[in-house]
Amino acid sequence: MYKPPYRNLFESGKLARRAEQLTAMLASCNICPLDCNINRLAGEISRCYSAWLPIVSSYCPHFGEEPALVGTNGVGNIFFGNCNLKCSYCQNYEISQRWKEERKNEISIERLAEIMIELQDIHGCHAIGFVSPTHFVPQMVEGILEACKFGLHVPIIYNTNAYDSVEVLKLLAGIVDIYLPDIKYAEDEMGYRYSGVKEYVRHSRAALSEMHRQMGNELIVGEDGLVKRGLIIRHLVLPNDLAGSRETLSFIANNLSSHVTLSVMSQYYPTNKVTAENVDKFESLQLLNRRIREREYDKVLDLLDEFGFENGWAQEFESQDYYRPDFSNRIIPFTR
Ligand code: SF4
């Protein structure tokens, strides 16, 4: 039976020290590469509109993740509110960009721990998946520490936009079991234009390299056939090749390995700021104002062969028809 390394860290007292180290970073916040240097412990807020208490916008067993994570009872996803990126096309915008409103969903660390235990023990989820965790890493680790006291034992999934700090990721070694980063762009200009951050490429690639250093290529699979540990790199294909798929896949093959596990996603659809009204006003949004074409998707799938990738998943092209979260329903935001 798989025992997550965070249990050993908990038993040796090291998990408490890591939580303390991470929480101390909030006093002059450099938890993500934006380096805002504000005191979140004193209630100050900056780019991610998040202070000390974690914002949990929704939580539920989720069946839409990669098949080898989901199993019969799903991943127990905990959706943090707000975000360190401001993606124009964010599919979770109802919880990631309603900055002031989401602060109403602040909860205590004890409640965060309770949610983890509920997902594990009541819903039987095979893992706890933290969605958009970057700006809440210290709170996440404090929550895991608290939940360990009540028997948390399933793998922890870190489901991130990859704009993560390497220093913080190093402190997550042995705490996170499965890294699930989505690598978004291969050009900084796109990162700035569509997600509002500088140097996305340098930071995301450094983050991926650190995740790969910790996990290597191999996925550890349990007796139940589900992934317990490893790195799965997601790549959402955008229209007009705004995601720079060739450059991104080439980086992964040449700088990490072609033996890593990839998850290529076709589910993009125009949403959030990509509305008819905005598209008329802002030329840059025009390029995002359609789904991807089957031909565009097939080209990316051909690159998998070209670069020698053998492990992973590619969403069906039709996924854009059914993968649409609706966070106006916070209890069941996904229909599948
Ligand atoms: S986590 Fe938030 S406050 Fe801290 S550096 Fe990033 S955006 Fe700024």
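Me: What makes Glu189 partly exposed?

Reply: Glu189 has a relative accessible area of 47%. Buried means under 20%, exposed over 50%, and partly exposed in between, with a 1.4 Å probe and protein chains only. The value for Glu189 falls in between, so the residue is partly exposed. The model is predicted: local features need pLDDT of at least 70, side-chain atom pairs count only at pLDDT 80 or more, and totals for chains, interfaces and linings use all residues. Residues are numbered from 1 along each chain as its sequence is written, and side-chain values use heavy atoms, with hydrogens and water left out.

Me: Why is the contact of Glu189 and Arg193 called a salt bridge?

Reply: The N to O distance between the two side chains is 2.7 Å. A salt bridge requires a side-chain nitrogen of Lys or Arg within 4 Å of a carboxyl oxygen of Asp or Glu, so Glu189 and Arg193 qualify. Side chains of opposite charge can pair when their charged atoms come close. Both residues belong to helix α9 (residues 188-195), and because they are four residues apart, about one helical turn separates them. Helices (H or I, at least four residues) and strands (E, at least two) are DSSP runs, numbered from the N terminus. Arg193 is partly exposed as well, at 32% relative accessible area.

Me: How do you know that Lys228 is buried, and which residue does its side chain meet in a salt bridge?

Reply: The relative accessibility of Lys228 is 9%, so Lys228 counts as buried. Its side chain meets that of Asp224 in a salt bridge of 2.9 Å, N to O. Asp224 is partly exposed, with a relative accessible area of 43%. The structure holds 15 salt bridges.

Me: What makes the pair of Tyr89 and Tyr268 edge-to-face or stacked?

Reply: Seven aromatic pairs occur in the structure. For Tyr89 and Tyr268, the ring centres are 5.8 Å apart and the planes stand at 65 degrees. Rings of Phe, Tyr and Trp (its six-membered ring) pair if their centres lie within 6.5 Å; planes under 30 degrees apart count as stacked, over 60 as edge-to-face and the rest as tilted. The pair is therefore edge-to-face. Tyr89 sits in the loop between β2 (75-80) and α4 (93-96), and Tyr268 in the loop between β8 (261-265) and α12 (276-281), so the pair ties together parts 179 residues apart in sequence. Tyr89 is buried at 3% relative accessible area, and Tyr268 is buried at 0%.

Me: Why is the aromatic pair of Tyr163 and Tyr200 called stacked?

Reply: The centres of Tyr163 and Tyr200 are 6.0 Å apart, with 5 degrees between the planes. The rings therefore meet both the pairing distance and the limit for stacking. This pair links distant parts of the chain, 37 residues apart: Tyr163 is in the loop between β4 and α8 (166-171), and Tyr200 in helix α10 (residues 200-215). Tyr163 is buried, with a relative accessible area of 2%, and Tyr200 counts as buried at 0% relative accessibility.

Me: How do you know that Glu316 is exposed?

Reply: Glu316 has 51% relative accessibility, and the limit for exposed is over 50%, so Glu316 counts as exposed. Glu316 is found in the loop between β9 (311-314) and α15 (319-322).
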